[in-house]
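Hi everyone, thanks for making time.

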Amino acid sequence: MLTLTHLLEEAKCYETVRRLRWPEGNIECPHCQSPTVIKRGKDDKHPHRQRYTCKACEHQFDDLTGTVFMGRHQPLRVWIGCLYLMGLNLSNQQIAQELDLHKDDVHAMTTQLRQAMVEKKPEVQLSGTVECDEVYITAGHKGHPEAVQKKGGKGAGGSSKGFGVGAPSQRKSRRSWG
Ligand SMILES: [Zn+2]
């Protein structure tokens, strides 16, 4: 069965997270915010996950440290795929079918992602176009409920709300994810 995750390359998903976290490429220590960070090779289990050491506080971290994706047993591309499908307003059951996962796993993932949006974790807060192979995901105002509220609950009203495909015809959800 061909699932969305077959279209998503793990390496590009990591690139995407790095670009969302550090848009200017200036990697910052999540512990002390120091910019003096050196790369320390890739993760043993995840060959695309870059590791870093902060020269200021010697804190070690990697691409996913401090993000909602940290320490999860699913590959990053499954999380990105899940976010993408949530942006299309698919139900947990539909997402489970698309990703070939158990519905309970999807329920746990969507719950965590929605919670992260409420908590304004950086990888769902920042705007930007997420490119994973052929699939484009636009990250938007999910982490900015106040911005949404200013629009009087009329919904997206623009191109910046939510994770959706980059196609111009994409209808945005008026759901606020939390
Ligand atoms: Zn540090």
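Let's start with a question: in which sense do strand β2 and β3 pair, and over how many bridges? They pair in the antiparallel sense, and there are three bridges between β2, residues 50-54, and β3. Before I go further, please keep in mind that this is a predicted model.

Okay, the sheet as a whole. There are three strands in it, ordered β1-β2-β3, and the sheet is open with antiparallel pairing. At the edges you'll find β1, which is 37-42, and β3, which is 60-62, and each of those pairs on one side only. From one strand to the next, the twist averages 30°. As a quick reminder, strands of a sheet pair through backbone hydrogen bonds, in either a parallel or an antiparallel way.

Moving to the β3 pairing, Arg-51 has Asp-62 as its bridge partner, and Tyr-52 stands opposite Phe-61. If you follow the chain from β2 to β3, you trace a hairpin with five residues between the strands. In that turn, look for Glu-58, which has a positive phi of about 65°.

On to the helices, and I'll take α3 first, residues 76-87. Is α3 enclosed by the rest of the structure or open to the outside? Twelve of its twelve residues are buried, so α3 is largely enclosed by the rest of the structure. The buried residues include Arg-77, Trp-79, Gly-81 and Tyr-84. As for length, the end C-alpha atoms of α3 are 17 Å apart, which agrees with the 16 Å that twelve residues should span at 1.5 Å a residue. Just after this helix comes Asn-89, with a positive phi of about 65°.

Next is α5, running over residues 103-118. Its 16 residues reach 22 Å from first C-alpha to last, close to the 22 Å expected. Which residues of α5 are buried? Those are Val-106, Met-109, Leu-113, Ala-116 and Met-117. Looking down the axis of α5, the buried residues fall within an arc of 100°, so they line one face of the helix. Turn to the face pointing away from that buried side and you'll see Asp-104 and Thr-111, which are exposed.

So how do these two helices meet? The axes of α3 and α5 come within 11 Å and cross at roughly 75°. The two helices are therefore roughly perpendicular to each other. On the α3 side, the residues that meet α5 are Trp-79, Cys-82, Leu-83 and Met-86, and their counterparts in α5 are Val-106, Met-109, Thr-110 and Leu-113.

One last stop, back towards the start of the chain. Leu-7 sits in helix α1, residues 4-7. Why does Leu-7 count as partly exposed? Because it has 14 other C-beta atoms within 10 Å, while a buried residue would need 20 or more and an exposed one 12 or fewer. Leu-7 and Gly-81 are 74 residues apart in sequence, and their C-alpha atoms are 9.2 Å apart in space.

That's the tour, and I'm happy to go back to any part of it.

Conventions. Residues are numbered from 1 along each chain as its sequence is written. This is a predicted model: local features need pLDDT of at least 70, side-chain atom pairs count only at pLDDT 80 or more; totals for chains, interfaces and linings use all residues. Helices (H or I, at least four residues) and strands (E, at least two) are DSSP runs, numbered from the N terminus. Two strands pair if DSSP finds at least two bridges between them. Axes are lines fitted to C-alpha atoms, for helices over the stretch in contact, and angles run from 0 to 180 degrees between N-to-C directions. The expected span of a helix is 1.5 Å times one less than its number of residues. The arc is that of the directions from the helix axis to the C-beta atoms. Angles under 35 degrees count as roughly parallel, over 145 as roughly antiparallel, 65 to 115 as roughly perpendicular and the rest as oblique. Two residues are in contact if their C-beta atoms, placed from the backbone, lie within 7 Å.
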